[in-house]
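Hi,

Here is the structure we talked about. My notes follow below it.

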Amino acid sequence: MAASGGNKAVVAALAANLAIAVFKFVAWLLTQSSSMLAEAIHSVADSGNQVLLLIGGKRSTRQASPEHPFGFGRERYIYAFIVSIILFSVGGLFALYEAFQKFKDPHGIDGPWWWVPVAVLVGAIIAEGLSFRTAIHESNQVRGTTGWVKFVRRAKAPELPVILLEDLGALVGLFFALLGVGLTLLTGNGIFDAAGTAMIGVLLVCIAIILAVETKSLLLGESASRENIARIEEAIRADGTEIIHLKTLHLGPEEILVAAKFGTRKGSTGEHIAAAIDATEARIRAAVPTATVIYLEPDIERTSEARQAPGTTEGAAQ
């Protein structure tokens, strides 16, 4: 997944959320609607999250150092995980707390500014819709025929899945807020405003948990995709080389470590083995350009029974 596409979606979402947050706070100050306050805090949290994604993307490009010989590609995963924590605590838990307070004192929305939250929410839905459209467009450039659920679960670059879920959550949350505010204006009963706030809180907590689970898997270290593993295996076997075992690991969204033990014939010279390793590395990099770190270990060719033994070849990625 290209970082530029993810950054474009992040910047679009950041611009939308900063503008929306200001209008939501104004609407809350004028009406004291808990749904508007929850949505305003939601937009602030989303804006902070997008800044964190941009910082993570920038820091991940640093050169490897003696202390971090494999580079800093996983910084993007770390910052994406922090995003899920912020969304859970600042967004979700605050909304639930605000809903609890409003349930205890469910006052309606009075005064001459009753129309302001409706206008702000409708405008916010339009702005978030445009941001969501950008995220969908950028995701379509890289997901191919992969379904949306599978794309979010299997994407190795975190930016687009995070923005997709955040924008989707923002749109649904805005409709919840509009429903709560609208019913409160129609009935004069603030319980609907409180209910809308609670639904926003539950929604944000659920999205935060999904993001945390998916990002945790990336932090632990995921293997390459099934497609890339198949390409690597094909590249190694192109000259008849036997794979004894193969392991892959994402050092970052666009960096894959490949470690393999391959069979050599008895009596092969060191010069022949070195040439075979160089040729195999070149084929792997040609097949999978993101295979940036490759370790190949020669061994004596195994028997056909050993080659078929369980666990000799790595399984596919999740």
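Arg76 and Glu254 form a salt bridge through their side chains, at 2.9 Å from N to O. The term means a side-chain nitrogen of Lys or Arg within 4 Å of a carboxyl oxygen of Asp or Glu. Across the interface of domain 1 and domain 2, the rule finds one salt bridge.

Before the rest, the ground rules. This is a predicted model: local features need pLDDT of at least 70, side-chain atom pairs count only at pLDDT 80 or more, and totals for chains, interfaces and linings use all residues. Residues are numbered from 1 along each chain as its sequence is written, and side-chain values use heavy atoms, with hydrogens and water left out.

Domains. The assignment gives domain 1 (1-218) and domain 2 (224-301); such bounds come from an automatic or database domain assignment. Their centres, taken over C-alpha atoms, are 42 Å apart.

Interface. Twelve residues of domain 1 contact twelve of domain 2 (heavy atoms within 4.5 Å). About 940 Å² is buried between the two domains, with carbon and sulfur atoms giving 51%. Buried area is the accessible area (1.4 Å probe) that two parts lose on being put together, summed over both.

Salt bridges overall. The count comes to twelve. One of them joins the side chains of Glu75 and Arg62, at 2.3 Å from N to O. Glu75 sits in helix 3 (residues 75-104) and Arg62 in the loop between helix 2 (34-59) and helix 3, so this pair ties together parts 13 residues apart in sequence. Helices (H or I, at least four residues) and strands (E, at least two) are DSSP runs, numbered from the N terminus.

An unreviewed UniProt entry places "transmembrane region" at 9-30, 77-100, 112-132, 163-185 and 191-213. UniProt positions use the numbering here, feature names are shortened, and annotations may be inferred rather than shown by experiment. Residues 112-132 are 86% helix and 0% strand, with end C-alpha atoms 33 Å apart. Residues 163-185 are 100% helix and 0% strand, with end C-alpha atoms 32 Å apart.

Best wishes
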